[in-house]
Amino acid sequence: NKMIPHGEQAGKSASCQGCPNQNLCASGATKAPDPAIAEIGEKLSSVKHKILVLSGKGGVGKSTFSAHLAHALASDSTKEVALLDVDICGPSIPRIMGLEGEQVHQSGSGWSPVYVDDNLAVMSIGFLLSSPDDAVIWRGPKKNGMIKQFLKDVDWGELDYLIVDTPPGTSDEHLSIVQYLSSTPVDGAVIITTPQEVSLQDVRKEIRFCQKVKLPIIGVVENMSGFVCPKCKNTSQIFPPSSGGAEKMCRDLNLPLLGKVPLDPRIAQSCDEGKSFLNQVPDSPAAKVYQNVVQSIQDYCLNRATEVQSAT
């Protein structure tokens with residue numbers, strides 16, 4: 001659970017041994033705050049709500065959830081919504097949003113995001129690659145530079161919601177996004193898991209990460225939570241919650257469980273086709289859970305905004 005040493009310990013801790021930047025950190029040259037942090041704070045001051053989608057585990061449906069959260073929020077045509085994909089090595093948002101092959105354009109005020117609808121903007125490194133099969137083989141500092149550029153140089157305009165889809169883990173991209181957003185209020189993180197213990201043990205690490213960096217947790221969503229057979233209507237646990245699933249974890253850690261989304265093959269199909277599952281099958285059990293989860297997130301953001309206003 002140790003994070004990268006900082007402050008007086010930077011470059012001098014036992015965990016710094018062997019790092020190529022050890023001497024640089026020990027010299028104190030890294031103590032000065034990155035001027036980009038203030039610039040990003042200024043740039044994102046016109047964004048009302050910022051939501052991170054996190055998980056310690058890969059393949060649990062973060063990008064799927066991020067995309068459907070964006071679609072659901074943008075279904076209110078009075079709201080301006082943006083989805084930022086900071087998964088540098090595995091950017092799946094362009095495919096899920098039906099934007100594969102689109103390009104980013106430079107304007108006088110920065111990079112223009114790609115629009116799904118008039119009120120739904122998307123940015124991803126996937127738009128900067130010549131082919132969706134191109135591999136991004138970068139070390140941490142280069143990934144961090146790209147994330148900084150996304151936050152600082154994209155012309156987001158006035159937004160009601162900015163959703164940030166992240167890769168799995170608690171590493172470079174996560175530290176970067178938290179650091180670069182430190183001068184602007186973030187509403188919180190939605191943590192995604194699946195029911196089995198192999199997923200939950202990594203998700204607990206993500207929750208610990210949020211607590212360490214003082215990132216509020218909006219709640220937990222359990223994806224792939226049971227499969228209802230379309231013929232016999234019986235429910236099968238494809239990923240058995242052997243240790244009690246997200247429900248027990250949330251009880252133990254005193255966190256809200258926002259919802260349990262059942263497995264539905266049509267979710268994966270709609271993602272592959274770049275369409276919104278919520279529009280395709282709005283009456284399905286999974287879509288209804290999504291709608292309840294989105295409502296809970298909206299209520300949380302509204303209450304948080306009210307708290308911030310009354311505090312000032």
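An unreviewed UniProt entry annotates residues 48-219 as "domain: AAA+ ATPase". UniProt positions are given in the numbering used here, feature names are shortened, and annotations may be inferred rather than shown by experiment. The model is predicted: local features need pLDDT of at least 70, side-chain atom pairs count only at pLDDT 80 or more, and totals for chains, interfaces and linings use all residues. Residues are numbered from 1 along each chain as its sequence is written, and side-chain values use heavy atoms, with hydrogens and water left out.

### Packing of helices α5 and α6

Two packed helices are described by the angle between their axes and the distance between the axes. The axes of helix α5 (residues 140-153) and helix α6 (residues 172-180) come within 9 Å of each other and cross at roughly 35°. Here the axes are lines fitted to C-alpha atoms, for helices over the stretch in contact, and angles run from 0 to 180 degrees between N-to-C directions. The crossing of α5 and α6 is right-handed; a crossing is right-handed if the near helix is turned clockwise from the far one by less than a right angle, and left-handed if anticlockwise.

On the α5 side, the contact (heavy atoms within 4.5 Å) is made by G140, K143, N144, I147, K148 and L151, and on the α6 side by D172, E173, S176, I177 and Y180. These residues divide into four nonpolar, three polar and four charged. In this classification Ala, Val, Leu, Ile, Met, Phe, Trp, Tyr, Cys and Pro count as nonpolar, Asp, Glu, Lys and Arg as charged, and the others, Gly among them, as polar.

L181 is placed in the loop between α6 and β8 (188-193). With a relative accessibility of 4%, L181 is buried; buried means under 20% relative accessible area, exposed over 50%, and partly exposed in between (1.4 Å probe, protein chains only). Not counting residues up to four places away in sequence, L181 touches I40, L44, L52, L151 and V186. L181 and K212 are 31 residues apart in sequence, and their C-alpha atoms are 15 Å apart in space.

### Aromatic pairs

A pair of aromatic rings is described by the distance of the centres and the angle of the planes. The whole structure contains two aromatic pairs. Rings of Phe, Tyr and Trp (its six-membered ring) pair if their centres lie within 6.5 Å; planes under 30 degrees apart count as stacked, over 60 as edge-to-face and the rest as tilted.

F65 and Y290 form a stacked pair, with 6.2 Å from centre to centre and 25° between the planes. This pair links distant parts of the chain, since F65 belongs to helix α3 (residues 62-74) and Y290 to helix α11 (residues 285-311), 225 residues apart. Both F65 and Y290 are buried.

The rings of W111 and F150 have centres 6.0 Å apart and planes at 65°, so this pair is edge-to-face. W111 lies in strand β4 (residues 110-112) and F150 in helix α5, so the pair ties together parts that are 39 residues apart in sequence. W111 is buried at 10% relative accessibility, and F150 is likewise buried at 0%.

An unreviewed UniProt entry places the feature "binding site" at C229 and C232. C229 is found in the loop between β10 (227-228) and β11 (235-236), and C232 is found in the loop between β10 and β11. The table gives the accessibility of selected residues.

| Residue | Relative accessibility | Class |
|---|---|---|
| C229 | 21% | partly exposed |
| C232 | 47% | partly exposed |
| G226 | 2% | buried |
| N254 | 70% | exposed |

G226 is located in the loop between β9 and β10. Leaving aside neighbours within four places in sequence, G226 is in contact with T235, S236, Q237, P262 and L263. G226 and S109 are 117 residues apart in sequence and 47 Å apart in space, C-alpha to C-alpha.

M224 is placed in the loop between β9 (217-222) and β10. Phi of M224 is near 55°, a positive value in a residue other than glycine. N254, in the loop between α8 (245-253) and β12 (257-260), has phi near 60°, also a positive value in a residue other than glycine.

Technical notes: Helix = DSSP H or I, 4+ residues; strand = E, 2+ residues; numbered from the N terminus.
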